[in-house]
Structures are given as structure tokens and as C-alpha cells.
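Open your viewer and follow along. We will go from the whole chain down to a pair of residues.

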Amino acid sequence: MNLHGVVSGAIGAINPFIPVVISKSSGYTTAPDGSQVPAYTTLSTTGQKQALSGSDIYRLNSLNVQGIVCKMYLNGNYEGVFRVLGKGGDLLTFGGQEYLVAAVLERWPDWCCVALTMQVA
């Protein structure tokens, strides 16, 4: 059961969903000079941006995540750096700014909550 889908209408009335472009990591290719070039699959969706809770901040501090951070609830599942699968982090673009998935805070079959760090352009 997608509980997020059940409550998202009520939550969206208070904190509206915003359009998001997701660059989902699909591994990397190797350039002629031997360097790795990240590869992405792009899709569009909506998400709900929220401030981090105290426990979220504590968790990110333990991971040594610094910078401008927030969290976002999204339908589907997205990843931070996943070394075992050889993937980099997924990137989200909204409000004219790009964010990196720094950590997955909640993962469910149909939705997730991810911590994001703003990327320098």
C-alpha cells in the first residue's frame, strides 16, 4: 500500500508539490583518456521539498554532509552514491538549482525521502 499516495493530497494542500527533473545515475562510461564520465537517465516528476528534522540533521552530520541541505519526498526510489553497484548519486533539479542525493532517509516500495545537498554551478 502506498501510504504516501494516500496522504499526499492532504499534505499537498499545505505544502504543494513542485516540478522536479531527475537525472538518475546509470553508471558511467570511460573517456578516451581513461577518466570516468557519469551517465544519467533523465525523467520529470513532482516532489515535496521540506526542511530537515533534528534527527535528519544528526544523521547527516554523522555522514559528514555539509552545505545547503533539504529533504524531498518523491514517488519512486532514488539513490545517493552506491559504490557496490558502481553508481554515482542521482541529481534533482528544481527551482533553477541542482541538488545531489546525499542520503536516503526513508525507502518504501513506492516512494522515498532523500536528503539533498545543493551543488555549486
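This is a predicted model: local features need pLDDT of at least 70, side-chain atom pairs count only at pLDDT 80 or more; totals for chains, interfaces and linings use all residues.

**A quick tour**

Of the 121 residues in the protein chain, 34% are buried. Now show the surface. The accessible surface of the protein chain is about 7200 Å². Carbon and sulfur atoms account for 59% of that surface.

Next, switch to a cartoon view. Look for 2 helices and 6 strands in the protein chain. Trace them along the sequence, and the pattern reads α-β-β-α-β-β-β-β. The radius of gyration of the protein chain is 15 Å, close to the 14 Å that the globule rule gives for 121 residues, so the chain is as compact as a globular protein of that length.

Show the C-alpha atoms alone. Along the principal axes, they fill a box of roughly 50 × 30 × 30 Å.

Turn to contacts. Take those in the protein chain between residues at least 6 apart in sequence: 55% of them join residues at least 24 apart.

Now select the charged residues. The protein chain has 7 positive and 7 negative charges. How far apart are the mean positions of the positive and negative charges? They are 3 Å apart.

Last stop: the cysteines. A disulfide needs two cysteine sulfur atoms within 2.5 Å. By this rule there are 0 disulfides. Select Cys 112, which is in no disulfide. Its nearest cysteine sulfur belongs to Cys 113, 7.4 Å away. Cys 113 is in no disulfide either. Are these residues buried or exposed? Cys 112 counts as buried because its relative accessibility is 0%. Cys 113 also counts as buried, at 1% relative accessibility.

Notes: Residues are numbered from 1 along each chain as its sequence is written. Side-chain values use heavy atoms; hydrogens and water are left out. Helices (H or I, at least four residues) and strands (E, at least two) are DSSP runs, numbered from the N terminus. The radius of gyration is taken over C-alpha atoms; the globule rule is 2.2 Å times the number of residues to the power 0.38. Buried means under 20% relative accessible area, exposed over 50%, partly exposed in between (1.4 Å probe, protein chains only). Contact means heavy atoms within 4.5 Å. Accessible areas come from the Shrake-Rupley method with a 1.4 Å probe; for residues, only the protein chains shown count as cover. Lys and Arg count as positive and Asp and Glu as negative; His and the chain ends are not counted. The place of a charge is taken as NZ of Lys, CZ of Arg, CG of Asp or CD of Glu.
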